[in-house]
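Visitor: I'm new here and would like a walk through this structure. Could you take me around?

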Amino acid sequence: MVKVLPASRTAHADVRVDNASQYLKRCYVVERQLMRTLAARFVDTSQWDFKRQLSQDMWETSRHADALRTRVLELRYPRRDVDKKYDPDMLALVAECAKGQDSLEFIGGVYGTLLPELVRAYQDYLDQTDPLDDAPSVYILRHIIADKQAQIERMRALAEQVAPRLFEATAEWQDYLRQCCAAVGGISGQGTRTPPPLNHSLAGRPAYAIGRSVQRDSRWRPALFHLPHENKYDVEGRKAWQRIEALDKRVAMQVWSAISHFNEIWAAEVVAASMWDFDTQPWDFYLDLARWSWDETRHSTMGYRALQGWGWNVPDLIPWGNALYNAMGPMPPIQRLALLYYYEDGLLRAGTKQIEIKILESAQDDGGVQDMDFDWADEAIHVSYGYTWLRHLLGDNNAGKEELKRLTDEAREIIAAFVAQHKDDPQAKLAPYFDRLHDVIASMLQDIPDDNLDVHWAPVVADEEVLKA
Ligand SMILES: [Fe+2]
Ligand SMILES: [Fe+2]
């Protein structure tokens, strides 16, 4: 016999550091894969309201994954295995969620089944763990739960407006995913395992693959381009734009920046597709790209808000192009990133943002100035992301630099060839848009005192000949 004091308190038998890190790692894997899946399905979703919500939730999911990953690393610091041997059950579960046959079914499955299952796993963890010993986990999980619940409520409210009965119509898919989850003991892995739903009518679909071309929301007319600098062959479009410029160059900048912001969705798509295409990069790659992609969706939303703020019927008046993502479709993912980096770096180097802000200030367009100011702050980060990750992917040496230049030059040739190939498509013509827009703008103009700003400004373009001109 030995002598001891009685235990000072009772503790849950399973609440130990190893168990905590295993549990949270399982959740990290789900969040990480969910983030990548949301990124990919964002690309494949055309309905604008759903699209931008998926993008925001993708970014929030990256923050959740990051917080969990950091906590797993802390639990017996310095753990090195957080990004090794991902739980195959969790990978398979999220891979099933990705297979929703369209955006509506995908949304039904994620927001109707997977997120509630995640919330349950986090709540179960909180119910078990010790709030003093494991306080950092408790803090993280309470915030993640709040975010997830807000995501579910927001998506349900959005579905009410955009696609009523979405959740009822996808009940069978949600049921299938619920059974997939139960078959692996839930996300916690602690539930009773039920047989996998192999005979379910929705089981056995092929693995999800991201689309290499995008469509825009069906409320818009199909369009390839959005502003005249993209397509040098569209002479009528350029002339129609010049009529808007003739009203006042300030007016042209107000409208240009809003249309161009709105169309930045292609940049969000290119980055999101990279998050899917690259599947074995370091965690910070995904964290940075999640932010980058969501920022571009925010910029697009800034443009949409400005266009709506003028009281315009946006789908009727504003072209929403898909040429950039679609022209890049056949490129390897690294080449798409290289081209995006080239554009963004060029904009920043040329000081374009500062010039645009000056002109918008001269127009006394407070909202436009604010949007551009925060956009500029974001873009500076994006250039550093591009610089960092392209060096990582290509090698931080002369050969890497040369390869970056080769990829960029070739990408610009591909874009130029795409433009030439589609120059006569009706969808490539911008004059009908700008003719309609001219009259709408002209009817709204108001006078302000002239500050005599000398407006000199040229957009950054992909085509060397247009640059020279
Ligand atoms: Fe942007
Ligand atoms: Fe950007």
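Predicted model: local features only at pLDDT ≥ 70, side-chain atom pairs only at ≥ 80, totals over all residues.

Visitor: What span is expected for helix α11 at 1.5 Å a residue?

Guide: Helix α11 covers residues 283–309, which makes 27 residues. From its first C-alpha to its last it reaches 39 Å, close to the expected value of 39 Å.

Visitor: Where does α4 bend?

Guide: Helix α4 runs over residues 103–128 and has 26 residues. Its reach from first C-alpha to last is 36 Å, close to the 38 Å expected. The bend is about 30 degrees, and it sits at Val110.

Visitor: Which element gives the largest share of the side of domain 1 that touches domain 2?

Guide: The chain is divided into domain 1 (17–183) and domain 2 (228–468), and 15 residues of domain 1 are in contact with 15 residues of domain 2. On the domain 1 side, the elements giving two or more residues are α1 (17–44) and α2 (48–74). The largest share, eight residues, comes from α2.

Visitor: How many charged residues does that side of domain 1 have, the one that touches domain 2?

Guide: Sorted by class, that side has seven nonpolar residues and three polar ones. The charged residues there number five.

Visitor: Why does the largest nonpolar core lie between domain 1 and domain 2?

Guide: This core has 114 residues, and Ala39, Met58, Val271, Ala272 and Ala338 have the most contacts inside it. Its largest share, 14 residues, comes from α1. It lies between the domains because residues are given to it by both domain 1 (17–183) and domain 2 (228–468).

Visitor: Which residues does Ala272 touch, leaving out those up to four places away in sequence?

Guide: Ala272 is among the residues with the most contacts inside that core. Leaving out its sequence neighbours, Ala272 touches Ala39, Ala40, Phe42, Val43 and Ser293.

Visitor: Is Pro432 buried, exposed or partly exposed, and why?

Guide: Pro432 is found in helix α18 (residues 431–442). A residue needs 20 or more C-beta neighbours within 10 Å to be buried, and 12 or fewer to be exposed. Pro432 has 14 inside 10 Å, so it counts as partly exposed.

Methods. Residues numbered from 1 in each chain as written. Chains lettered and ligands numbered in written order. Helix = DSSP H or I, 4+ residues; strand = E, 2+ residues; numbered from the N terminus. Expected span 1.5 Å × (residues − 1). Bend = angle between axes of the 7 residues up to and from the residue. Domains from an automatic or database assignment. Contact = placed C-beta atoms within 7 Å. Nonpolar A, V, L, I, M, F, W, Y, C, P; charged D, E, K, R; others polar. Core = buried A, V, L, I, M, F, W, Y, C linked by C-beta atoms within 7 Å.
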